[in-house]
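Subject: Structure handover

Hi there,

Here is the structure I promised to pass along.

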Amino acid sequence: MITRDAIALEKGALAEAVPSTGAVILPAQDDKSESIAMRCRAKVVRVGMTQGDLLASDLQSTTEVMNFTVHRGAQNFPASIAVHGSHMVQNALLALAAGVEMGVPLEKGIKGLATHKTVVVFKHQTGLCEESLFAARLKVEQQISFGDELCDLVHAIAWLIDAQ
């Protein structure tokens with residue numbers, strides 16, 4: 001049986017492979033994140049609900065969207081996503097942090113989250129289906145005009161989903 005410690009060990013190995021010019025984005029409230037962060041040469045960005053470099057608060061679910069506030073330092077931004085649950089807000093924070101690290105302004109990322117329809121990426125047992133990634137990339141390109149940075153981000157997020 002695979003344990004959380006074994007998974008953290010493998011994720012730490014992935015984090016070690018990120019060059020010092022890159023960034024590793026971790027959920028601040030995960031008890032395994034610190035052991036992964038200690039193995040990084042790269043910048044470490046933490047996201048979460050109660051601690052981190054990028055925070056979410058004031059979560060409110062409506063019939064249509066999940067509303068919340070994104071905090072970065074002293075800045076606060078209203079945000080919404082078309083899926084429900086605090087775990088999805090956490091995923092949104094991870095995506096926003098990845099976007100910021102890739103040069104996408106936070107405000108533009110928040111706007112993109114609010115305006116795009118949910119993209120479902122299907123997996124098969126050996127990993128993500130490349131056809132699904134391609135379809136997701138095309139759908140995102142049609143709905144949000146972030147360009148290649150966001151499309152690369154879709155691939156990064158899909159990898160993160162598969163890694164969890």
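Which residues does Lys-32 touch, not counting residues up to four places away in sequence? They are Arg-4, Asp-5 and Ala-8, where contact means heavy atoms within 4.5 Å.

Before the rest, a word on the source. This is a predicted model, in which local features need pLDDT of at least 70 and side-chain atom pairs count only at pLDDT 80 or more, while totals for chains, interfaces and linings use all residues. Residues are numbered from 1 along each chain as its sequence is written, and side-chain values use heavy atoms, with hydrogens and water left out.

**Salt bridges**

The count comes to 6 salt bridges, each being a side-chain nitrogen of Lys or Arg within 4 Å of a carboxyl oxygen of Asp or Glu. Asp-5 forms one with Lys-32, with the closest N and O atoms 2.3 Å apart. Because Asp-5 lies in helix α1 and Lys-32 in the loop between β1 and α2, this pair ties together parts that are 27 residues apart in sequence. (Helices, H or I with at least four residues, and strands, E with at least two, are DSSP runs numbered from the N terminus.) Lys-32 counts as buried, at 18% relative accessibility; buried means under 20% relative accessible area, exposed over 50%, and partly exposed in between, with a 1.4 Å probe and protein chains only.

Arg-4 forms a salt bridge with Asp-31, and their closest N and O atoms are 3.0 Å apart. This pair links distant parts of the chain, with Arg-4 in helix α1 (residues 4-17) and Asp-31 in the loop between β1 and α2. Arg-4 is partly exposed at 47%, whereas Asp-31 is exposed at 56%.

Glu-16 also forms a salt bridge, with Arg-39, at 3.0 Å between the closest N and O atoms. Here helix α1 is tied to the loop between α2 and β2 (43-48).

**Buried side of α4**

In helix α4 (residues 106-115), Leu-106, Gly-109, Ile-110, Gly-112 and Leu-113 are buried. They lie on the same side of α4 because they cover an arc of only 160° around the axis, taken from the directions from the helix axis to the C-beta atoms. The buried residues of α4 pack against β3 (54-61), β4, β5 (75-81) and α3 (86-101).

**Met-66**

Met-66 sits in strand β4 (residues 66-72) and is buried at 7% relative accessibility. Among the residues that Met-66 touches are Leu-59, Ala-79, Ile-81 and Val-89. The C-alpha atoms of Met-66 and Ala-79 are separated by 8.4 Å.

Best wishes
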